[in-house]
Amino acid sequence: MKNPELYKKIGQKLQEARKKAGLTQEAVADFLGVNKILISYYENGTREISIATLRNLANLYGYTVDYFLSDDETREPEVSFLFRADELEKEDLEVIAMANKFLINLEEMKEMLAQEKEVIKS
């Protein structure tokens, strides 16, 4: 294990984000196409998580990847959805992840444009 403290910190954030999203480990495992035990390993920080998997989970939960890698403990998701369905299918989660990714990218583009306008003004 390369950096157990980092994996533990990422895991805690992943677990909190999953619970805030109202998702079970089983649903997330189905979304990723992995075993539920692997999700538990990620959340306990006992297994290294790839950037691609972290990006997929960040999109699903509505956070940026930077949130999970930073020391920021209080940041709320960039975007969030409320659902009335008790059980979401894998296809539903894929649509949610794509929508979250789109909205996060849109917010980042707005921030970049605002910064560029500030540079032009000065």
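Glutamate 43 is buried, at a relative accessible area of 4%. Its salt-bridge partner is arginine 18. This is a predicted model. The structure holds four salt bridges.

**The buried pair**

- Arginine 18 and glutamate 43 join their side chains in a salt bridge, 2.6 Å from N to O.
- The two residues come from distant parts of the chain, 25 residues apart.
- Arginine 18 sits in helix α1, which covers residues 4–20.
- Glutamate 43 sits in helix α3, which covers residues 36–44.
- Arginine 18 has 8% relative accessibility, so arginine 18 counts as buried.
- Glutamate 43 counts as buried too, because its relative accessible area is 4% and the cut-off for buried is under 20%.

**A bridge between helices α2 and α3**

- Lysine 36 forms a salt bridge with glutamate 26, and their closest N and O atoms are 3.2 Å apart.
- Lysine 36 belongs to helix α3 and glutamate 26 to helix α2 (residues 25–32), so this pair ties together parts that are 10 residues apart in sequence.
- Lysine 36 is partly exposed, with a relative accessible area of 36%.
- Glutamate 26 is partly exposed as well, at 43% relative accessibility.

- Lysine 110 is partly exposed, at 47% relative accessibility.
- Glutamate 107 is partly exposed, at 31% relative accessibility.

**The nonpolar core**

- In soluble globular proteins, nonpolar side chains tend to be buried together.
- Here, the largest nonpolar core has 24 residues.
- Leu14, Leu60, Tyr61 and Phe68 touch the most other members of this core.
- Helix α4 gives the most, with five residues.

**Around leucine 60**

- Which residues does leucine 60 contact, leaving aside its neighbours within four places in sequence?
- Leucine 60 is in contact with Leu23, Val28, Phe31, Leu93, Ile96, Ala97 and Asn100.

Notes:
Residues are numbered from 1 along each chain as its sequence is written. This is a predicted model: local features need pLDDT of at least 70, side-chain atom pairs count only at pLDDT 80 or more; totals for chains, interfaces and linings use all residues. Side-chain values use heavy atoms; hydrogens and water are left out. Helices (H or I, at least four residues) and strands (E, at least two) are DSSP runs, numbered from the N terminus. Buried means under 20% relative accessible area, exposed over 50%, partly exposed in between (1.4 Å probe, protein chains only). A nonpolar core is a set of buried Ala, Val, Leu, Ile, Met, Phe, Trp, Tyr and Cys residues joined through side-chain atoms within 4.5 Å. Contact means heavy atoms within 4.5 Å.
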